[in-house]
Amino acid sequence: MDLNFSRLIMGMWRIGDWGLSPAGVADLIEACLELGIDTFDLADIYTGYQCEAMFGAALAARPALRPRLKLISKCGIALVSAARPAHRVKHYNTGRAHIVASVEHSLAATGAERLDLLLIHRPDPLMDADEIAEAFGALQRSGKVAAFGVSNFLPHQLDLLQSRLESPLAANQIEVSLLHTTSLFDGTLDQCQRLRAMPQAWSPLGGGRLAAEPVDTPLGRVLARLGEELGATREQLAIAWLLRHPARIHPVLGSGKAERIRQLVEARRIELDRQQWFELLEAAMGREMP
Ligand SMILES: NC(=O)c1ccc[n+]([C@@H]2O[C@H](COP(=O)([O-])OP(=O)(O)OC[C@H]3O[C@@H](n4cnc5c(N)ncnc54)[C@H](OP(=O)(O)O)[C@@H]3O)[C@@H](O)[C@H]2O)c1
């Protein structure tokens with residue numbers, strides 16, 4: 001399924017840390033659009049269940065932005081929060097009623113008429129795939145969600161859900177980066193490539209840890225050398241490394257600073273050759289390829 005999302009996606013998980021007014025968030029959204037990023041990643045739970053309302057307030061302040069955006073949201077995690085007093089313990093809920101109610105809340109909070117993509121945030125050990133299929137069917141028929149996917153699913157978990165669905169799952173949003181390489185080897189990215197589902201990479205800079213990588217580690221040294229050869233920052237190399245993967249990984253960026261987003265967009269012009277890609281992988285893993 002062709003989601004037609006920008007190759008880089010803007011993540012809004014940290015919106016509560018940015019200290020921005022609605023106009024400030026609108027400025028950031030506008031800057032992303034000008035840089036060619038038209039897809040925004042939200043979730044019901046981000047910022048203590050406030051992220052979607054903060055995003056909606058920015059769009060209310062600048063409504064002309066609204067038709068230019070594509071929205072992803074997620075559901076399925078239930079946090080203990082003042083915003084959800086009925087939750088006694090952190091748990092997962094992928095029951096039909098929870099999914100439908102969560103989407104209705106996402107639409108009301110953001111002011112959107114529909115979500116372009118809804119993801120089940122994490123695999124739920126009590127997942128009843130038939131129930132999720134019913135919820136997805138109802139949301140698709142009502143026009144509230146255009147496409148469906150998952151997040152943090154291993155191949156067998158995605159297969160289970162897919163077995164009950166008529167339409168293909170469009171995406172799996174996973175942790176993958178130079179600081180987290182598991183999905184290259186556990187079948188997750190192979191499955192995305194086989195199904196032509198969109199892998200979306202969360203924390204593509206390791207949640208900021210890449211910036212703190214010491215210069216005298218194997219990874220620090222390769223980043224410095226390639227950075228000099230290619231005229232790139234270590235963050236740009238990390239994004240270029242993800243973009244080089246044949247499953248067409250879509251990195252989900254997490255900075256709240258327009259200038260940093262602009263620099264990361266520049267990573268699209270860096271073409272790592274096969275050996276440079278493997279140098280980074282080996283340095284990231286701390287061992288040679290077998
Ligand atoms: N599906 C899931 O389970 C899941 C889990 C986690 C995240 N996500 C999604 O993934 C998105 C991205 O995750 P993330 O925020 O951890 O991404 P990230 O890009 O790995 O980390 C962003 C963090 O790195 C910091 N940073 C430090 N130096 C930077 C530089 N030179 N350039 C850019 N950033 C730099 C940023 O700070 P500044 O803001 O100060 O620049 C920010 O705090 C989230 O917003 C969310 O949408 C999904």
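## What covers helix α3

Let's start with α3 (51–61), in a predicted model. Its buried residues are Cys-51, Glu-52, Met-54, Phe-55, Gly-56, Ala-58 and Leu-59. Here "buried" means that 20 or more other C-beta atoms lie within 10 Å of a residue's own; with 12 or fewer the residue is exposed, in between it is partly exposed, and the C-beta atoms are placed from the backbone. The cover over those α3 residues includes α1 (22–34), α2 (46–49), β3 and α4. The helix and strand names follow DSSP runs numbered from the N terminus (H or I over at least four residues for helices, E over at least two for strands). Contact, in turn, means C-beta atoms, placed from the backbone, within 7 Å of each other.

Two notes on reading the numbers. Residues are counted from 1 along each chain as its sequence is written. Because this is a predicted model, local features need pLDDT of at least 70 and side-chain atom pairs count only at pLDDT 80 or more, while totals for chains, interfaces and linings use all residues.

## Helix α4, one face in and one face out

One of the elements covering α3 is α4, so let's look at that helix next. (The expected span is 1.5 Å times one less than the number of residues.) Ile-99, Ser-102, Val-103, Ser-106, Ala-109 and Thr-110 are the buried residues of α4. Looking down the axis of α4, they fall within an arc of 130°, so they line one face of the helix. That arc is taken over the directions from the helix axis to the C-beta atoms. As a rule, an α-helix has 3.6 residues a turn, so residues three or four places apart point the same way.

On the other side of α4, Ala-97 and Ala-108 are exposed. The buried residues of α4 pack against α3, β3 (70–75), β6 (117–120) and α5 (129–141). Just after the helix comes Gly-111, with a positive phi of about 75°.

## Two domains

The protein splits into domain 1 (9–175) and domain 2 (209–290), with bounds from an automatic or database domain assignment. Their centres, taken over C-alpha atoms, are 28 Å apart. Domain 1 puts 14 residues into the contact and domain 2 puts in nine. On the domain 1 side, β1 (9–11) and α1 each supply at least two residues. That side of domain 1 divides into eight nonpolar, three polar and three charged residues. For these classes, Ala, Val, Leu, Ile, Met, Phe, Trp, Tyr, Cys and Pro count as nonpolar, Asp, Glu, Lys and Arg as charged, and the others, Gly among them, as polar.

## Around the ligand

So where does the ligand sit? Both domain 1 and domain 2 give residues to the shell around the ligand, so it lies between them. The shell holds 24 residues, and the closest are Gly-11, Trp-13, Gly-208, Gly-254 and Ser-255. By class, the shell has eight nonpolar, 11 polar and five charged residues.

Gly-207 is found in the loop between β9 (198–202) and α8 (218–230). Gly-207 is partly exposed, with 16 other C-beta atoms within 10 Å.

## Loop residues with positive phi

Ser-203 is in the loop between β9 and α8 too. This serine has a positive phi of about 45° although it is not a glycine, and it is buried, with 21 other C-beta atoms within 10 Å.

Arg-248, in the loop between α9 (234–243) and β10 (250–253), also has a positive phi, near 60°, without being a glycine. Arg-248 is partly exposed, with 14 other C-beta atoms within 10 Å.

## Helix α11

Helix α11 covers residues 274–285, and its 12 residues should span 16 Å, which agrees with the 16 Å between its end C-alpha atoms. The buried residues here are Gln-276, Glu-279, Leu-280, Ala-283 and Ala-284. Seen down the axis of α11, they fall within an arc of 130°, so they line one face of the helix. Arg-274 and Gln-275 are exposed on the other side of α11.

The cover over the buried residues of α11 includes α8 and α9. Just after α11, Gly-286 takes a positive phi of about 75°.

Methods. Near = placed C-beta within 6 Å. Contact = placed C-beta atoms within 7 Å.
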